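Please walk me through this structure in plain paragraphs. I would like to follow the packing of its parts, the charged pairs and the backbone features.

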Amino acid sequence: MSDLIKDLSELRLSYQKGELREDRVEANPHAQFLLWFNHALEAQLHEPYAMSLATASTLGRPHVRTVLLRGATEAGYDFYTNYDSQKGNDLAENPYAELLFYWQEQERQIRIGGKVVKISEAESTDYYHKRPRDSQIAAHISTPQSGIIESRELLQQRFQDLQKRSAEQAQLAKPEFWGGYRLEADYYEFWQGRPNRLHDRLRYEKQDGRWTIQRLMP
């Protein structure tokens, strides 16, 4: 196969769509997050609630993947997964992680870091039963998540078998190995693309219980 791209060094865009000023942002980073997140929703961007989740094992090996934000409050940022997945294993060993939202159309990026805790069983169960029935079935049969399976056909067969077995059940029980996590933020970075790569970057960190704002070099 021939290489279609010979030189990536000439591929670039100039960012022109906004600016980020210390005197024009919210003093509370969660409020600033909600401001930008609502802008993304109002603009009808594709899945603005999709975020990259970076975790690492105790050996320091990082893992990153895309997950969906399912709750955002002052308490933290919620997502759901299989506790026996790679991310679940990482978080059991090292409970610190980082989230990344990137909204290309608005030339904006947000990093949020902090400690991750499991949310309550009641909250996880409540959310599980809000999911479409087939998504509930998928959670049951996709275990261990990231484990090896012989074929797509075998996975599909497991799915159809549980569909049939549970057809008469009004409600599926939430699997014990599935539930939610909450990232309790202690760090935020808001990035706005700017011309000439002089990007605006504002960092929020907690010091003595109060949020401080600092400008970072691009």
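Helix 4 buries Gln-136, Ile-137, Ala-139 and Ile-141, where buried means a relative accessible area under 20%, exposed means over 50% and partly exposed lies in between (1.4 Å probe, protein chains only). Helices (H or I, at least four residues) and strands (E, at least two) are DSSP runs, numbered from the N terminus. The cover over these buried residues includes helix 3, helix 5 and strand 7, with contact meaning heavy atoms within 4.5 Å.

The model is a predicted one, in which local features need pLDDT of at least 70 and side-chain atom pairs count only at pLDDT 80 or more, while totals for chains, interfaces and linings use all residues. Residues are numbered from 1 along each chain as its sequence is written, and side-chain values use heavy atoms, with hydrogens and water left out.

Two packed helices are described by the angle between their axes and the distance between the axes. For helix 4 (residues 133–141) and helix 5 (residues 152–165) the angle is about 120 degrees and the axes are 10 Å apart. Axes here are lines fitted to C-alpha atoms, for helices over the stretch in contact, and angles run from 0 to 180 degrees between N-to-C directions. The two helices are therefore oblique to each other, since angles under 35 degrees count as roughly parallel, over 145 as roughly antiparallel, 65 to 115 as roughly perpendicular and the rest as oblique. On the helix 4 side the contact is made by Asp-134, Ile-137, Ala-138, His-140 and Ile-141, and on the helix 5 side by Leu-155, Arg-158, Phe-159, Leu-162 and Gln-163. Sorted by class, this contact has six nonpolar, two polar and two charged residues. In that sorting Ala, Val, Leu, Ile, Met, Phe, Trp, Tyr, Cys and Pro count as nonpolar, Asp, Glu, Lys and Arg as charged, and the others, Gly among them, as polar.

The loop between helix 4 and helix 5 holds Pro-144. The peptide bond that joins Thr-143 and Pro-144 is cis, with omega about -5 degrees. Most residues other than glycine have a negative phi, and most peptide bonds are trans. Glu-47 is not a glycine, yet its phi is positive, about 45 degrees. Glu-47 sits in the loop between helix 1 (29–42) and strand 1 (50–56) and is partly exposed at 35% relative accessibility. Asp-208 also has a positive phi, about 55 degrees, although it is not a glycine. Its loop runs between strand 8 (200–207) and strand 9 (210–215), and Asp-208 is exposed, with a relative accessible area of 82%.

Next come the charged pairs. Side chains of opposite charge can pair when their charged atoms come close. With a salt bridge taken as a side-chain nitrogen of Lys or Arg within 4 Å of a carboxyl oxygen of Asp or Glu, the count comes to 14 salt bridges. In one of them, Glu-123 meets Arg-182, with the closest N and O atoms 3.0 Å apart. Glu-123 belongs to helix 3 (residues 121–128) and Arg-182 to strand 7 (residues 178–192), so this pair ties together parts that are 59 residues apart in sequence. Glu-123 is partly exposed at 34% relative accessible area, whereas Arg-182 counts as buried at 15%. Another salt bridge joins the side chains of Glu-19 and Arg-24 (3.0 Å, N to O); Glu-19 is partly exposed at 39% and Arg-24 is exposed at 56%. A network of salt bridges links Glu-22, Arg-194, Asp-200 and Arg-215.

Gly-113, in strand 6 (residues 108–118), is buried, with a relative accessible area of 5%. Beyond its neighbours within four places in sequence, Gly-113 is in contact with Ala-97, Glu-98, Leu-183, Glu-184, Ala-185, Asp-186 and Tyr-187. Thr-125 is 12 residues from Gly-113 in sequence, and the two C-alpha atoms are 26 Å apart in space.

For the chain overall, the secondary structure comes to five helices and nine strands, in the order α-β-β-β-β-α-β-β-α-α-α-β-β-β along the sequence. Of the 218 residues in the chain, 38% are buried. Among contacts with a separation of 6 or more, 64% are between residues 24 or more positions apart.
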